[in-house]
Amino acid sequence: MRRIRILGNRLKSLLWRGKRESELDREIEIHVSQLVKQLLANGMDPTEARLEAKRQFGSIDVAKEECRDMRRVRFVEDLGQDVRHTIRSLAKSPGIALTVVSMIALAIGATTAVYSVVESVLLRPLPYPEPERLARIWQTSAKKFVRTGSDLMDPKAPVLFEWQNADTGFESLGAYVDSSFVLQANAGAEVIRGQEATSGVFEALGVLPVLGRRLAPADDAAGGSAVVVLSEGFWRNRLGGNDQVLGTQLVLGGRPHVVIGVMPARFNVQTSESQSLMLPGGPPQLWTPLSAEVRAGNRNALVIGRVRKGSTIAAATERLATVHAGIVESGLNGARDTGVKAKSLLDSAVGDVRATMWFLLVSVALVLVVATVNIANMLTALGLKRQREMAVRAALGASRSRLVRSVFVESALLAGVGGVGAIALAWGGLSVLLHLLPPTLPRLDSVAVSWGVLACGLGLTIATALLVGPLPALLAARTDPQDAMRSSGRSTTSGRTANRVRATLAVAEVALAFVLLTGAGLLGGSYWRLMSVERGFETEGLAAMWVNPTRDTYRNRDEFSETMRARLEQIPGVRATAMNHLPLSGLSAGANVYLDHNGEDKQINAILSIGQDNYFEVMGVPIITGRGFKPGDTRKGPRIAVVNQTLARKFWPDGNAIGQRFRTGDDPNAWVEVVGIAGDIRHKGLAAQIEPTIHLPATQADREINEWVLRFRGNPAQVLQRAKEVVAAVSPLPVSRTLILEEAIGLSVAIPRFRTYFIVGLAGLAALLALLGMYGVLAFSVAQRTREIGVRMALGAQAGEVVRAVIGSGMKLALVGAGIGLVAAWSGAGLFSAFLFDVGPRHLATYAGALAGVMVISCVAAYLPARRAAGVNPVSALKDE
Amino acid sequence: MPKPSDLLQGTLDLLILQTIWQEPLHGWGIAKKIQVLSGEVLSVGQGSLYPALHRLEQQGWLTATWKDSDLGRPAKLYALTREGKKQLERELHSWKRLSSAVELLIASA
């Protein structure tokens, strides 16, 4: 009760301060006038009575002040006073205040937004129970695979079955492959994306179905009944979320499948990296048990496992490795010379994006540091401006702690306003960032500003206030009132110290800007090189689509593809050709080929690229020597091939490739003769090495050619629409996926491009901040030395010399900063090399460029102060003092 | 007229609380009443009366309201709160202990 009354009193004192004051005045006035009345009654004369009353009462002001102290709200009131004072004085230099606030908001907002992305992608746990017990498991091979550049490969199903039968450290193991399914619906056939999976996948991930049941061990058995589990998205969008769906049938690949369950949306099983291009986009729509083909081990399957409670992934993998060694011993097909390796499922989902994420965070943090340094710099300038005021306040009796506090209040106020702005900016910035982020980043669908991110933003705000606040406060506390009052604040020692501090800060900014400029130069140059890589074929105006074969179309493939091509080329302005490997699609299956090497077989590994006779023409691949395909290269004629330059150079360095022979594994008895050499094409990707490639005419090869490439003019969407209609008319199966090549290339470089744009933008920001910082130092030092410059000019110095001196001191700052930045960038460059293509992390020209950039910044920063210095009028400068 | 003796340290609170326990009074009235009731022996320094009143109000022993008064104009009248009455009892109790101790000492020394 009493506490409430006390609190109420304090609140009243704070909120109705004016009323409290006037009541105090009146109360005391009443007392004094009563005294006067009493004295008058005693016969004193009025003037004397008033004086005597005041004498008796004592100091009214002291009494009032003591009464005020009794309100116990002194601290808050002083703080309020400081805040009001700060707002007033900041309003006098709104430019600086606005710059500081927006700089804080920008830097922290950007950091927070980037941190949210990093958190969502890297740190947020997978949406499964006890996700730390989940692992992805690979087989390792003795040597690295040329194409993937790693020694990891996904196991085949028979290997997994062996693992499942043994006692490993995993309580459940499962395998799945991405597949496309042909769904027979009322509207016609449609290709949808799904996965073939074992029950272990469901068990390991531990997600319960929203309806019905998941795949069970009984479904794993060979020849089991045809069942299908649907995704929640498919169930809702295609089947209207009808819960009568269980037990109904879905015709997939011509075979009825019984619907047994629906999995919730979060059951979004990671897809394999290499197969995705041929499949329809989006998440898997349904799951079926493994097909006979996968069971037999004809395809590699992603394997995941859940470690037993209390065990670790490493320990479980060790036991699995022992088991696997036994399997290798037994000579199981597909296990020869392999080991096992496991990574946490989260790590495998995040993949090599981890480095990019940290890179983003570090570079944005660097800018935050630059911004903070710059804010400190500006606040110091503000503090210097107010040194005289501080001195006056100190002389009037303000305590040192009170002065420091008032300066601290200033920083805290700026940081607070900036922090609020930062949080707003983080929310807005994140949605902008999500649009800019490469769509190929994993787990991007789960990005949202979380509480942790918000706390991070606020933490940064507070840290900034603490970091920035003390600097000017310390300077203010050092103020010697006499000293500051005597001079006009221009030549005091503390002024010099402050300027030295500010010069140091400017140097730090330049150093950081140099680091970022170097990074931007390296990444920019690398990206430019990547984009200007010789692709080997005309990518402009090229679209592709996938048409899955059926048994019939495969049997009559020559005829089928001829018909299809003829019909496609009826679309105006379109040339069409079919192939088995679309270049730059990220896919490139190699095959063993045996070259005839002086009568002996020489085994090599090469990409077998199969195309129609107009392949080179439509793709725009030049034939260097010999000939390309001809319509006469049929199954009946002699087998021919065209090799790429890389293969020719590597295996027939004497330039005698034409006329050489080889055999493929497909048909060991048929010799194939090389009739031409074609230009190199990048198959795997822009940054990947060119592999030996053999082009075979489709009319002589026994492989599917289900990738159709259209060279077109005009609107790609319209052309693809027309092409789909053609496919619908000719093929029993519809188009499963389309792409426009330039778009696909854009997507394949989306992450490096984003990294590049990101750091270029940040470097620009850092450069701007450094420029501001340097400008501040130079402008201040010119203002400080106006008198000195006046004296020099009076003594005959030319304007040019003065200008040179100012620009020279700017250059000096820049050089020192660049030197420090150079050391930092040089020693940290190694961390960068993973992001660089065809350019070393210590590329000298880039460093020189960054140096030149910093020099330009220093000249721009020095320009205005130099002009002001040159314009100093000696007479008025000297009179001014 | 002999000069009223200074107040013993710490007794001002007791005097104020005791003075107004029957009826609310303004600052002037409290000062006068202390002077009169003590037979002109005790006098409150005016400079210390008001800070003390404000402190007691702040601590919740007193409430203050502006009301018409015997001075012919509204004045700030202080009254005891319920907690203030308890506080007065505590103060009286400790004062009695102190004064009897002092008397005992004087009598027996």
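## Exercise 1: around A:Glu171

A:Glu171 touches A:Arg306 and A:Arg308, leaving aside residues up to four places away in sequence; two residues are in contact if their C-beta atoms, placed from the backbone, lie within 7 Å. Before going on, keep in mind that this is a predicted model, where local features need pLDDT of at least 70, side-chain atom pairs count only at pLDDT 80 or more, and totals for chains, interfaces and linings use all residues. Residues are numbered from 1 along each chain as its sequence is written, while chains are lettered from A and ligands numbered from 1 in the order in which they are written.

**Task.** Work out which strand holds A:Glu171, and whether A:Glu171 counts as buried, partly exposed or exposed.

**Solution.** 

Step 1. Find the element: A:Glu171 sits in strand β3 (residues 170–185) of chain A. Helices (H or I, at least four residues) and strands (E, at least two) are DSSP runs, numbered from the N terminus.

Step 2. Count neighbours. A residue is buried if 20 or more other C-beta atoms lie within 10 Å of its own, exposed if 12 or fewer, and partly exposed in between, with C-beta atoms placed from the backbone. A:Glu171 has 16 C-beta neighbours inside 10 Å, so A:Glu171 counts as partly exposed.

Step 3. Look along the chain: A:Ala204 is 33 residues apart from A:Glu171, yet their C-alpha atoms are separated by 7.9 Å.

## Exercise 2: the partners of β3(A)

**Task.** Which strands does β3(A) pair with, among them β10(A), and how many bridges are there to β4(A)?

**Solution.** 

Step 1. Start with the rule: two strands pair if DSSP finds at least two bridges between them.

Step 2. Take strand β10 (residues 302–307) of chain A, which pairs with β3(A) in the antiparallel sense over six bridges. Here A:Ser172 lies opposite A:Arg306, and that arginine is one of the residues touched by A:Glu171.

Step 3. Move to strand β4 (residues 188–197) of chain A, joined to β3(A) by ten bridges and running antiparallel. The two form a hairpin with two residues between them, and A:Ala185 faces A:Gly188 across the pair.

## Exercise 3: a covered strand

**Solution.** 

Step 1. Sort them by face. In a regular strand the side chains alternate between the two faces of the sheet. A:Thr693, A:His695 and A:Pro697 are on one side of β20(A), with A:Ile694 and A:Leu696 on the other.

Step 2. Strand β15 (residues 600–611) of chain A runs parallel to β20(A), with five bridges, and A:Leu608 is opposite A:Ile694. Strand β17 (residues 640–644) of chain A pairs with β20(A) in the antiparallel sense over two bridges, with A:Val642 as the bridge partner of A:His695.

## Exercise 4: on to chain B

**Solution.** 

Step 1. Read the strand order: the open sheet of three strands goes β1-β3-β2 (chain B), with antiparallel pairing. β1 (25–26) and β2 (62–68) of chain B are the edges, each with a single partner strand, so one side of each has no neighbour in the sheet.

Step 2. Check one pair: β2(B) and strand β3 (residues 74–80) of chain B are antiparallel over seven bridges, and B:Thr65 has B:Leu77 as its bridge partner.

Step 3. Turn to the interface, where 22 residues of chain A are in contact with 16 residues of chain B. The elements of chain A giving two or more residues to this side are α1 (2–15), α2 (17–41), α3 (46–57) and α4 (60–69); α2(A) gives the most, with six residues.
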